[in-house]
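The following exercises are to be worked with the sequence and the structure at hand. Each task is followed by a solution in steps.

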Amino acid sequence: MGDLLLKMAGIEKSFPGVHALSQAQFELRAGEVHALVGENGAGKSTLMKILSGIYSKDAGSVRYQGKEVEISSPRAAQHLGISMIHQELNLMNHLTLAQNVFVGREPRQPLRFMLDEAKINAQTQALFDSMHLRLDPRTLAAELTVAKQQMVEIAKALSFNSQVLIMDEPTAALTESEIDELFRIIRQLRSKGVGIVYISHRLEELKQISDRITVMRDGHYVDTVDAKAVTIDQIIGMMVGRAIYESSPEVPEQPEQAVVLAVRGLNRGTAIRDVSFVLKKGEILGFAGLMGAGRTEVARAIFGADPIDSGEIFVKGIRTAIQSPRDAVRHGIGYLSEDRKRYGLAVGLSVEANIALASFEQFVGSLGVVDDSKVRSIASRYVDLLSIKTPGIQQLVRNLSGGNQQKVVIGKWLTADTEILIFDEPTRGIDVGAKSEIYRLLNELAHAGKSILMISSELPEILRMSHRIVVMCEGRITGELSAAEATQEKIMRLATQRSGMVAATENSFAAKAEVR
Amino acid sequence: MATAEKVFSAPRQPILRSNAAQKLLAFAALIVIFAVFSFLSPFFATPENIVGILLATAVNGVLALGVTFVIVTAGIDLSVGTVMTLSAVMTGLTVSLAGWPVPLGILIGVLTGSVAGLINGLIISRMRVPPFIATLGMMMVARGLALVLSTLETGTIKPIYFNDVPVFRQLMMGSILSPLLAPVAPDFNLPNAVLILFVAALVAAFVLAKTVLGRYTVAIGSNEEATRLSGVGVAGWKTAVYALGGTFSGLAGVMIASRLNSAQPALGVGYELDAIAAVVIGGTSLSGGQGTILGTIIGAFIISTLTNGLRIMNVPQEWQFVVTGLIVILAVYLDILRRRRM
Ligand SMILES: Nc1ncnc2c1ncn2[C@@H]1O[C@H](COP(=O)(O)OP(=O)(O)OP(=O)(O)O)[C@@H](O)[C@H]1O
Ligand SMILES: [Mg+2]
């Protein structure tokens with residue numbers, strides 16, 4: 001580890017009704033990966049946004065390369081060599097990848113005001129190549145999956161040749177192989193002396209990649225520890241300030257046999273190919289697979305959010321044509337989407353309005369007037385139950401931390417009280433405490449006779465929660481496993497079982513899976 | 001590992017997403033409209049009438065060019081019509097009443113538009129007034145000022161004529177191209193107005209596609225927050241976009257004054273809606289990030305061809321409005337259908 005690069009001390013920040021940071025501190029050395037952890041709403045993103053010039057601090061000092069600095073705008077941060085990859089995706093869909101990477105500092109030729117497209121394409125290509133990223137710089141950002149967009153954001157941040165690189169949950173949407181690639185890049189940067197701030201809720205990653213770990217709680221600094229010297233349990237203890245009850249993976253009991261949802265021969269283009277499966281009453285059915293395997297597409301098709309080419313959907317044995325999400329909700333199907341910003345939330349509305357959004361009928365009185373007090377009491381209940389960190393149920397969802405926004409979506413579908421619930425990556429970006437709360441809730445729901453289809457890219461989560469596991473690859477279902485027979489290796493093998501795939505690839509995957 | 005990466009990265013193939021498809025669609029619509037009217041009326045496809053259509057497109061087309069930039073940033077400009085009038089009046093005052101040289105008067109007219117646009121931009125990006133409100137206000141202010149300025153001569157509101165400076169009318173109605181066209185099409189008296197429109201369109205297309213201003217116009221419309229986080233000075237560039245829009249309004253003002261041989265202070269309200277309609281028919285999305293100059297030009301031609309054709313068919317003006325309105329809705333609906341099928 002090198003010299004001290006950065007020291008933030010006594011940082012204060014308040015938003016209306018929220019004291020987000022109080023006496024927060026953080027330091028970073030050259031050539032270190034410094035992890036920043038804490039529960040949802042602990043103030044991690046806020047602290048780093050101050051460092052990258054997005055928020056201004058109320059008080060405190062930032063010393064950078066030995067000098068006291070005031071960072072007043074993202075541009076000022078860039079000039080100092082500080083860049084940040086944000087928790088929410090921040091690409092411009094209508095621009096190409098190269099244009100996205102270079103926006104704000106386009107090389108201009110031959111006159112000052114003209115753009116040099118060829119040059120940015122070439123430079124972006126070189127950048128992608130160095131990251132082993134097979135993407136065409138001329139593709140529009142809108143055409144990429146969330147995971148690929150994330151990789152492009154990382155490429156963009158790298159292109160600044162920054163001294164300080166802040167990554168706010170960079171792996172939340174990445175596949176295993178992409179995470180490996182990211183770690184390779186991080187190590188490479190570290191050896192060049194770049195200081196890296198790494199925010200993540202995947203605590204297992206921290207041991208792998210970080211040198212030191214700083215823990216925050218409720219806007220306060222808790223401690224900074226050597227990553228080699230602590231256990232994950234100790235980190236969790238510091239994060240939540242109490243011993244956390246990690247329920248041991250319970251042996252899922254056999255659900256009832258009644259089929260509530262049957263899907264037969266679902267097809268859409270190359271995204272969904274001949275998908276058939278059943279979901280039983282009181283069952284948690286895990287959908288495993290790599291990112292982009294078509295699981296979200298299947299969920300959206302069942303929910304009526306996307307049209308299908310062919311296929312039949314039976315709800316409780318009756319063939320149903322679901323043309324729109326409204327139809328789906330009427331037939332008792334709820335969908336918690338993976339991309340909360342885009343599909344799951346009205347970020348300009350309050351917490352209570354979002355929670356009630358999918359079930360307003362419940363709250364309408366005899367005269368067609370919304371029963372506000374009922375909305376309020378239900379909203380408050382879920383805010384407590386899911387421990388959503390917010391100054392009040394009137395707070396705009398936009399102002400919540402990333403993980404707390406995700407909890408609001410969960411509250412929304414729990415309120416809607418549908419028979420069939422599709423959860424797409426329900427714990428992405430959610431802290432450990434809330435994660436076990438959500439697991440407990442899912443179990444309770446299944447006990448109460450609801451049927452749950454859970455899409456998750458985290459194998460431990462799938463293994464721990466599911467009664468049965470369906471594995472997808474390239475739009476097809478490649479296999480089904482019962483809870484008893486499922487292992488990480490078996491799932492990985494099915495998840496990489498592509499048609500006409502090179503054998504070597506499969507082996508390398510199987511090998512990788514075994515290592516884990 | 002590299003092999004695995006490759007398989008994962010297979011990009012989703014874009015179907016019909018290209019802007020080319022949209023332009024093709026709009027262009028096809030224009031051809032169809034043209035063919036239908038030619039079939040219905042023998043007077044439609046005559047050289048004089050086609051020149052008439054071209055001439056009618058010129059002013060609205062130039063206004064629509066400026067509006068395109070604004071709409072691509074996900075903004076709106078309601079003031080273009082009355083700012084155009086204000087610019088016309090300014091040119092009238094300086095050239096006709098004060099007797100200043102014509103080029104200077106033209107410059108003042110154009111710059112009047114730029115200044116109005118600049119003020120719009122500052123109000124929107126610095127004072128954070130929503131574009132709809134800011135430009136609605138400017139629309140009324142410009143209208144009022146145009147009327148006030150027109151009273152300077154006689155104390156009452158009245159048009160300012162350019163009868164003393166016949167050369168001014170030649171700006172639009174003259175034809176520097178006719179000597180070139182004469183051998184091929186002797187009847188085809190292509191007025192300069194059309195030339196101005198095409199040159200302006202080329203400049204606009206260049207700015208939108210090839211310059212920094214154009215790039216940031218798209219970026220802001222696509223995701224303003226992300227653009228800001230990329231270190232782009234969004235406020236400044238937005239101001240520049242509105243100023244550019246105003247400049248086109250100023251040019252349109254000079255053009256309409258030349259064409260009518262007068263500055264009509266009461267004119268202008270309603271022009272902004274025609275311009276917006278042209279932009280939208282041309283495939284520019286009101287939610288920003290997307291739009292082309294070629295599309296806008298085709299959109300402007302669709303509107304003027306329709307208006308012209310309906311008039312030739314003796315459809316009363318009331319009904320012309322109805323038809324144009326329906327076409328705007330239809331055009332946008334077709335565009336939505338096309339996108340949804342992806
Ligand atoms: N713009 C804002 N306006 C109001 N409150 C805000 C704003 N941004 C953040 N907050 C509040 O500040 C607190 C800290 O939020 P922050 O986003 O820093 O949390 P975080 O540690 O990054 O959490 P997560 O792990 O969920 O991303 C939260 O209570 C949040 O609601
Ligand atoms: Mg955060």
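Helices (H or I, at least four residues) and strands (E, at least two) are DSSP runs, numbered from the N terminus. This is a predicted model, in which local features need pLDDT of at least 70, side-chain atom pairs count only at pLDDT 80 or more, and totals for chains, interfaces and linings use all residues. Residues are numbered from 1 along each chain as its sequence is written, chains are lettered from A and ligands numbered from 1 in the order in which they are written, and side-chain values use heavy atoms, with hydrogens and water left out.

**Exercise 1. Locate A:N100 and state whether A:N100 is buried or exposed.**

Step 1. A:N100 lies in helix α3 of chain A.

Step 2. Buried means under 20% relative accessible area, exposed over 50%, and partly exposed in between (1.4 Å probe, protein chains only). With a relative accessible area of 0%, A:N100 is buried.

Step 3. Contact means heavy atoms within 4.5 Å. Apart from neighbours within four places in sequence, A:N100 touches A:L91, A:M92, A:L95, A:A141 and A:K156.

**Exercise 2. Describe the burial of helix α8 (residues 232–240) of chain A.**

Step 1. The buried residues in this helix are A:I235, A:I236, A:M238, A:M239 and A:V240.

Step 2. Their cover includes β3 (33–37), α7 (203–209), β9 (212–217), β10 (220–226) and α16 (432–447) of chain A.

Step 3. Just past α8(A), A:G241 adopts a positive phi of about 70°.

**Exercise 3. Determine how many residues of helix α10 (residues 212–222) of chain B are buried, and what they pack against.**

Step 1. The count is 11 of the 11 residues, so α10(B) is largely enclosed by the rest of the structure.

Step 2. Among them are B:R215, B:Y216 and B:T217.

Step 3. On the chain A side, the buried residues pack against α3 (97–102) and α4 (117–130). On the chain B side, they pack against α3, α9 (192–210), α11 (224–229) and α12.

**Exercise 4. Characterise the packing of helix α3 (residues 47–72) of chain B with helix α12 (residues 234–260) of chain B.**

Step 1. Two packed helices are described by the angle between their axes and the distance between the axes. Axes are lines fitted to C-alpha atoms, for helices over the stretch in contact, and angles run from 0 to 180 degrees between N-to-C directions.

Step 2. The axes of α3(B) and α12(B) come within 7 Å and cross at roughly 170°. α3(B) is therefore roughly antiparallel to α12(B), a term for angles over 145 degrees.

Step 3. Contributors to the contact include B:L55, B:V59 and B:F69 of α3(B), and B:Y242, B:F248 and B:R259 of α12(B).

Step 4. By class, the contact has 17 nonpolar, 3 polar and 1 charged residues. Ala, Val, Leu, Ile, Met, Phe, Trp, Tyr, Cys and Pro count as nonpolar, Asp, Glu, Lys and Arg as charged, and the others, Gly among them, as polar.

**Exercise 5. Summarise each chain as a whole.**

Step 1. Chain A has 19 helices and 20 strands, whereas chain B has 15 helices and 2 strands.

Step 2. Of the 516 residues of chain A, 59% are buried; of the 342 residues of chain B, 51% are buried.

Step 3. The C-alpha atoms fill a box of roughly 70 × 55 × 50 Å in chain A and of roughly 80 × 55 × 40 Å in chain B, taken along the principal axes.

How values were computed: Angles under 35 degrees count as roughly parallel, over 145 as roughly antiparallel, 65 to 115 as roughly perpendicular and the rest as oblique.
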